Amino acid sequence: MDSGNAVFFSRVLTEVTLTFHIIYATIGVGIPLMIMIAQWVGIKKNDEHYILLARRLARGFVITVAVGVVTGTAIGLQLSLLWPNFMQLAGNVIALPLFMETFAFFFEAIFLGIYLYTWDRFENQKKHLLLLIPVAIGASMSAVFITIVNAFMNAPQGFDVVNGQLVNIQPILAMLNPAMPTKVGHVLVTAYMTSAFVLAAIAAFRMLKGSPHLYHKKSLFLYMKLGLVFSLASLLIGDFSAKYLVKYQPEKLAAAEWHFETDKGASLILFGVTDGENIKYAIKVPYALSILAHNNPFAEVTGLNEFPRDETPPLYIHYLFDTMVMIGTFMIVLSAVYVFGKYKNWNFISSRWFRWLIVAGGPLTVIALEAGWWLAEVGRQPWILYKYMKVAEAATTSEHVDLMLVLFCLLYLILGIGSIVVLGRMFRKNPIEQEIADREAEKGGDFT
Amino acid sequence: MNLEILGISVLWLFLFGYVIIASIDFGAGFFNAYSLLTGRQHILTHIIQRYLSPVWEITNVFLVFFFVGIVGFFPRTAFYYGTTLLVPVSIGIILLAIRGSYYAFESYGSRGHKGYSFMYGAAGLVIPAALSVVLTISEGGFISMKKGQPVLDYWALFTSPFTWSIVVLAISAVLFISAVFLTWYADKAKDEGATRLLRKFALIWAGPLAVSVIGIMVELRKHNPTHFDRMVDVWYLLVISAVMFLITVRLIWKRSNYGTALALLVGQFAFAFFAYGVSHYPYLLYPHLTLYDSFTNEAMAIALVIAFILGFCLLIPSLYLVLKLFLFDKDYVRGKEKNHV
C-alpha cells in the first residue's frame, strides 16, 4: 500500500468515525438541555409527569452518552494517529480549544455521574435540577470548543508563516476566527433541534403504538414547541452561514449551488443532476442565490469557474445541501402546524398520519445533521487547513490504515446495534404505565 | 522551573492519575469475571458495581486529558507517536470502546450476561498491555527513520524481552492496585466475604509485581544503558517506593489498616512513576525527540497553563464532591439506598 492509499483510507476511517460519533455526540449535547427543561417544567407546574420524563430520559441518555464518550475518545486519538502532520502543525496554534474541550467534558462527566446516582438521595427536586445545569453547560461547552477547532480548519488565523515556519502565534485570535460564530451557533441550535425532534418522534411513536397516557401527550407538545424554536434558530443561523461562505469560502457555496459562471441576479438551484457542466431536471428560483448570499436580488455571486480546478470541492455536495435545507424546512412547517394547531384545536394533528409524520421527523433530522456535516467537510476539499495544508500532506504514512478501517467498522456496527437493542429493551420492559404504578406502590409503602 | 518541565509534570501527573484509577477499573473487571468463573460472583459484583458506576466516565477523561495535553504542549509527539502507534493504540481504543459501552449497556440494559462479563474482564488485561507498549517504544530502538518518516519495527518490538517484562509489569500492577483498593472499599462497606477474597488477590499479585520490576531493571540495563544509569542516580526514590510496597503487603497480610495500605500503595507507585519519569528526562522518544525540541511556542504554552489552572479550579471541588458522595458516604458504600436513575 503506498501513501496515496493511506490518504484514502485515512479519509474513509475519519469519515466513518465522525459520521457515527456525531449522532451520539449531537444527542449528547441536546438531551441534557431537554432533561433540564423537563425537570424545570415539572417543578414549576408541580407535575410528576415531567419529573418522570426527565428521569426516563436520563436513563436512556446514559446509553447514548457511553457510546458518545467512547467514539469521542476514538476520534480524539485518531486525529493524531491518522493526521500526524496536521496535528503537529495545528497543535502549535489550536491546542487551546482542544484542551478546553477536555475540561468541559470532564466537568460534564463528573456531574452526570452525580446526577445519575443521586436520584433518590435528595428529597428536593430543585437540588437535582441544580446538578443538571453543569451537565448541560459542560455538554454545550464541549461542543463549542470542538467546533472552534473545526472552524479554525476552515478559516485559519492567529499566526504568520515566515520561511515555512509558524511565528507570531496568538491562540485567542486563532479561536476567534471568522468561521467561529456561525459554526458554533449552527452546531448548537441544530443539536438542540435534533434532540427535541427525536424525543417528539419517540412520544408520537408510543402514542401510535397504543399508549394513550397523558404523559406522552405532554412530552410530544413540549418537544414540538422546543423543536420549532430551535429549527427557526437553525434557519436563521444557516442563512448567516451562507453569507459567511460568500465572503470567506465562496467556492464552497458555488459548488453547493452549481453556480459556475459569475453573474448578477443569480438563481438558486433546487434538486437536479449534473455531469459537471450541464444541469438537468433542476428547479431554478430566480434571484434567490443573490438574496441568500447578499440580501440583494441583483448582487453578483462569484461562480465556480473563477477558481483553480484543483482547489474546488466535488460537485455532489449540492445534493447534501438540498437534503439539509429540505428537511430543515419540512421540520419547521411540521412543528409550526402542530404547535399552531394545538392552540387552534385542529383535529388532524392528532390523526394517525400526522403522528407518523412526526415519527419520521426524528430520523429525518438525523439525516439532515449528517448531510450538513458532510457538506461542511467535503465542501472544503482539497484542504485540511484552508489555504495552508492539503489533506494529502497531512495523512499518516503508516501501512495499516485499511486494516484499522475494517476493525473500527466492526466496532461501530457492534456499538450501533448494541445501543439500539439496549435502549429498546429498557423502555419496552418498563413502560410509563408500569413505572407510575411502581412509584405509587413505593410511596404507599412509605406510609405504612 | 521552565514551562517545558511544568508542562510535562502536569501531564505526568494526569497519566499517573489515569494509571491508578484505570487500574482499579480494569482489575475490577477481571476479578468480577474470575469470580463468575469460579461461582463466587455474588461476593464481588455488588461491591464492584457500586464503586464503578458513577466513576467509569471520569476515568476515561483522565486518558483523554493526557493525550490531548501532550499534543498541545508537545505537538511533535503527534508526528512521531501518531505515525508509529496506529496499530497498538487503535487496538487499545477499540477495546476501551467495547469495555466502556458494555459497562453502561450491562448496568442499565441487561444485567448478568456472562459473555459480556468475560469479554469485559479479558479486555481489562489486554488494554494495559496494548497501552504499555508506548512506554517500551519511548525507550528507543524500535523506531527508525525512513525517508524522513518514522517507522515502527514490529518484529523487534514483539521479540524483545523488554517489551514483555513491561507487559507483565502492567498486568500485575493493574491487578495489585485494584485488589488493594477494593479490599479497602469492601472493608468500608463491611462486606467481610468480599474483603477476604480481595485480600487474597492482593497478596497473590504482589509477587509477580515485585519480580517484574526486577526483570525490567535487568532488561533496561541492556536495552538503554543511559536510562538505566540515570535510574540508578535516583536510587533513593526507588528504595522509598520498595519500602512502601513492603509495608503495604505487610498491612494487608495482618488485616489491619487497609486505609494506610491504600495510601502507601498510591505512594509507592507515585515514587516509582516519578523516578521513571525523571530519569527518562529529557527524552520523550529516545533518541529522536526531547522535551525541548518538541515544545510548543511560548504563547500557546502560557495560554495552556492558564487554561489548565482555571480548569483545575473547576475540577478539584467537583472531584471532591464525587469522593464525598460515593467514596466517603457510608450509606452509599454499604449499599443501603437504591442508588440508580
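Helix axes are lines fitted to C-alpha atoms over the stretch in contact, and angles run from 0 to 180 degrees between N-to-C directions. Helices (H or I, at least four residues) and strands (E, at least two) are DSSP runs, numbered from the N terminus. This is a predicted model, in which local features need pLDDT of at least 70 and side-chain atom pairs count only at pLDDT 80 or more, while totals for chains, interfaces and linings use all residues. Residues are numbered from 1 along each chain as its sequence is written, chains are lettered from A in the order in which they are written, and side-chain values use heavy atoms, with hydrogens and water left out.

Two packed helices are described by the angle between their axes and the distance between the axes.

| Helix pair | Axes come within | Crossing angle |
|---|---|---|
| H2(A) and H13(A) | 9 Å | roughly 175 degrees |
| H2(A) and H7(A) | 10 Å | roughly 75 degrees |

Angles under 35 degrees count as roughly parallel, over 145 as roughly antiparallel, 65 to 115 as roughly perpendicular and the rest as oblique. H2(A) and H13(A) are therefore roughly antiparallel. Their contact (heavy atoms within 4.5 Å) involves residues of H2(A) including Arg56(A), Ile63(A), Val67(A) and Leu82(A), and residues of H13(A) including Val401(A), Phe408(A), Tyr412(A) and Phe427(A). By class, this contact has 13 nonpolar, five polar and two charged residues. In this classification Ala, Val, Leu, Ile, Met, Phe, Trp, Tyr, Cys and Pro count as nonpolar, Asp, Glu, Lys and Arg as charged, and the others, Gly among them, as polar.

Eight nonpolar, two polar and two charged residues make up the contact of H2(A) with H7(A).

**The interface of chain A and chain B**

Chain A contributes 67 residues to the contact and chain B contributes 68. About 6300 Å² is buried between the two chains, and carbon and sulfur atoms give 76% of this area; buried area is the accessible area (1.4 Å probe) that two parts lose on being put together, summed over both. Phe106(A), Tyr117(A) and Arg121(A) supply 14% of the area that chain A buries against chain B, more than any other three residues.

On the side of chain A that touches chain B, the elements giving two or more residues are H2 (48-82), H3 (84-116) and H13 (401-429). H3(A) gives the most, with 25 residues. This side of chain A comprises 44 nonpolar, 16 polar and seven charged residues.

**Salt bridges and local backbone features**

A salt bridge is a side-chain nitrogen of Lys or Arg within 4 Å of a carboxyl oxygen of Asp or Glu. Lys243(A) and Asp239(A) form a salt bridge at 3.1 Å, N to O; both residues lie in helix H7 of chain A, four residues apart, about one turn of the helix.

Gln381(A) and Pro382(A) are joined by a cis peptide bond with omega of about 5 degrees. Pro382(A) is placed in the loop between helix H11 (352-378) and strand S7 (383-385) of chain A. Asn46(A), although not a glycine, has a positive phi of about 55 degrees, and Asn46(A) lies in the loop between helix H1 (3-45) and H2 of chain A.
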